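Colleague: I am new to this structure. Could you show me how to read its features?
Modeller: Gladly. Let us open it.

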Amino acid sequence: MSKVFSAQPAAASGDILHNDLLLRVARGEPTDRPPVWLMRQAGRILPQYRALRSNFQDFKTFVKTPEAAAEATVQPVDELGVDAAIIFSDILVVPEAMGLNYEMIEAKGPRFPEVIEKKADVDALISGENAAERLYYVFEALRLSKQILAGRVPLIGFAGAPWTILAYMVEGSGSKTFSRARRLLYAEPALAHNLLQKITDTTIAYLQRQVAAGANLLQLFDSWAGELPPAHYRTFAVPYLQQICEALPDVPKTVFAKGAWFALEDLGELPCEVIGLDWNIPPAFARARTGESKALQGNLDPCTLYADEKTIADETNEMLRQFGRRHIANLGHGVYPDTPLEGVKVFVETVKKWNYGKQV
Ligand code: 1CP
């Protein structure tokens, strides 16, 4: 009997995977080459994605249609031959489930008509299981993606890290300075902690359900980590990342804190298996600060993929050489939507040709 289609949680069922390179590196097991995938691989770089997207008026309806979300999840595996799929969704479904509605404005990004300003706003939020169960469409998309993948590669689940989600809930959108969100930490630290705890409780319940629906590895995106001073990152971000990692012992976890080169020692002590790196961080700098026990993920500059084929291959090989073993090849941030598909393919193929036995 096939275990791939089991309704049991992936970790409990044994989950037969034909390509488990990603999980092996996360667990610290030896491999011949690093696994490769790209942040934001399910998106506009793929013609198939653009065709699928054109069936929907808006992004949110797309995300809330599990059949379409599952198709978008699997497209990069078919087209690019990457070693992992990441569930097609967005980090902003969490604030929405907590009661803060958002709009996704075409070519601009998210906007929250109402934002968090005062205690009553935080008190009114839904949190924990009650919020997580409203994300049933993500769990359904995960289950469908697992069926379509049929064990070809692992499926990555994800959520925004609490500080980054707070930043959107307080700012109402992306921001140049994040001064409203940062102001809250100085002016009303107790309120900020209260909000961060509610986001954390929701994120834990949400990620536990993602694992039950089949996610093999979880990634936390702390996209605005680099906006905080080091002391604030230690007070307002790390303890919540710690809670989330502790609550999910059964699957490997990746923490990607963009811009947080200053927090690498703290991140290295989290009970997670993988640390994601942006392209500003030299591999040796990260390794020296996170210790030997973590896998490192990243960190090619996404703009490299606009270069000619030889340059892309050379830069990719140089990155692989610098990281050595215990590395998951990726970009230092999400792939930009106008990146030429050929450039993406050269990157993936270059990693797949690597062989530690020959090169090192
Ligand atoms: O109209 C469209 O097609 C919308 C474009 C789009 C897409 C395809 C957005 C808007 N989000 C997504 C999907 C998405 N978002 C994924 C899919 C899975 C994959 O990686 O292939 C993931 C993992 C995310 C995560 C996400 N959303 C992050 C964290 C990663 C990062 O980029 O730092 C963040 C910050 C968001 C918010 C968001 N969603 C969309 C945009 C344009 C933004 C950023 C806005 C801003 O700069 O503030």
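Colleague: Where should I start with charged pairs? Which residue forms a salt bridge with R234?
Modeller: Start with the general idea. Side chains of opposite charge can pair when their charged atoms come close. Here the partner of R234 is D266, and the closest N and O atoms are 2.9 Å apart. Keep in mind that this is a predicted model.

Colleague: Is R234 buried or exposed?
Modeller: R234 is exposed, because its relative accessible area is 53%, and exposed means over 50%. D266 is at 17% relative accessibility and therefore counts as buried, the cut-off being under 20%.

Colleague: How many salt bridges does the structure hold?
Modeller: The structure holds 18. Take R33 and D83 as one of them: their side chains meet at 2.9 Å, N to O. R33 lies in the loop between α2 (21–27) and α3 (47–53). D83 lies in the loop between α5 (66–80) and β1 (85–86). The two are 50 residues apart, and the pair links distant parts of the chain. Both R33 and D83 are buried.

Colleague: Which residue forms a salt bridge with K64?
Modeller: E96 does, with the closest N and O atoms 3.1 Å apart. K64 is in the loop between α4 (59–63) and α5, while E96 is in helix α6 (residues 93–97). Again the pair links distant parts of the chain, 32 residues apart. K64 is partly exposed, with a relative accessible area of 37%. E96 counts as buried, at 12% relative accessibility.

Colleague: Now helices. How do I read a packed pair?
Modeller: Two packed helices are described by the angle between their axes and the distance between the axes. Look at helix α10 (residues 162–171) and helix α12 (residues 189–212). Their axes come within 9 Å and cross at roughly 115°. That makes α10 roughly perpendicular to α12. The crossing in which α10 passes α12 is right-handed.

Colleague: Which residues make the contact between α10 and α12?
Modeller: From α10, they are P162, W163, I165, L166, M169 and V170. From α12, they are A192, L195, L196, I199 and T200. By class, this contact of α10 with α12 has 10 nonpolar residues, 1 polar and no charged ones.

Colleague: How many residues of α10 are buried?
Modeller: 10 of the 10 residues are buried, so α10 is largely enclosed by the rest of the structure. The buried residues of α10 include T164, A167, Y168 and E171.

Colleague: What follows α10?
Modeller: G172 follows α10, and its phi is positive, near 90°.

Colleague: At what angle do α5 and α9 pack?
Modeller: α5 and helix α9 (residues 136–149) pack at about 45°, with their axes 8 Å apart. That makes α5 oblique to α9. α5 passes α9 in a right-handed crossing.

Colleague: Which residues make the contact of α5 with α9?
Modeller: α5 brings P66, E67, A69, A70, T73, V74 and V77. α9 brings Y137, E140, A141, L144, S145, I148 and L149. The residues of this contact of α5 with α9 divide into 10 nonpolar, 2 polar and 2 charged.

Colleague: What should I look for in the backbone?
Modeller: Look at phi. R40 is not a glycine, yet its phi is positive, about 65°. R40 lies in the loop between α2 and α3. R40 is exposed, with a relative accessible area of 61%.

Colleague: What is phi of F178 near?
Modeller: Phi of F178 is near 55°, a positive value in a residue other than glycine. F178 lies in the loop between α10 and α11 (179–187). At 0% relative accessibility, F178 counts as buried.

Colleague: Which residues does a cis peptide bond join?
Modeller: G298 and N299, with omega about -15°. N299 lies in strand β8 (residues 295–300).

Methods
Residues numbered from 1 in each chain as written. Predicted model: local features only at pLDDT ≥ 70, side-chain atom pairs only at ≥ 80, totals over all residues. Heavy atoms only, no water. Axes fitted to C-alpha atoms, helices over the stretch in contact; angles between N-to-C directions. Helix = DSSP H or I, 4+ residues; strand = E, 2+ residues; numbered from the N terminus. Parallel < 35°, antiparallel > 145°, perpendicular 65-115°, else oblique. Left-handed = near helix turned anticlockwise from the far one by under 90°. Contact = heavy atoms within 4.5 Å. Nonpolar A, V, L, I, M, F, W, Y, C, P; charged D, E, K, R; others polar. Salt bridge = Lys/Arg side-chain N within 4 Å of Asp/Glu carboxyl O. Buried < 20%, exposed > 50% of the residue type's maximum accessible area, 1.4 Å probe, protein only.
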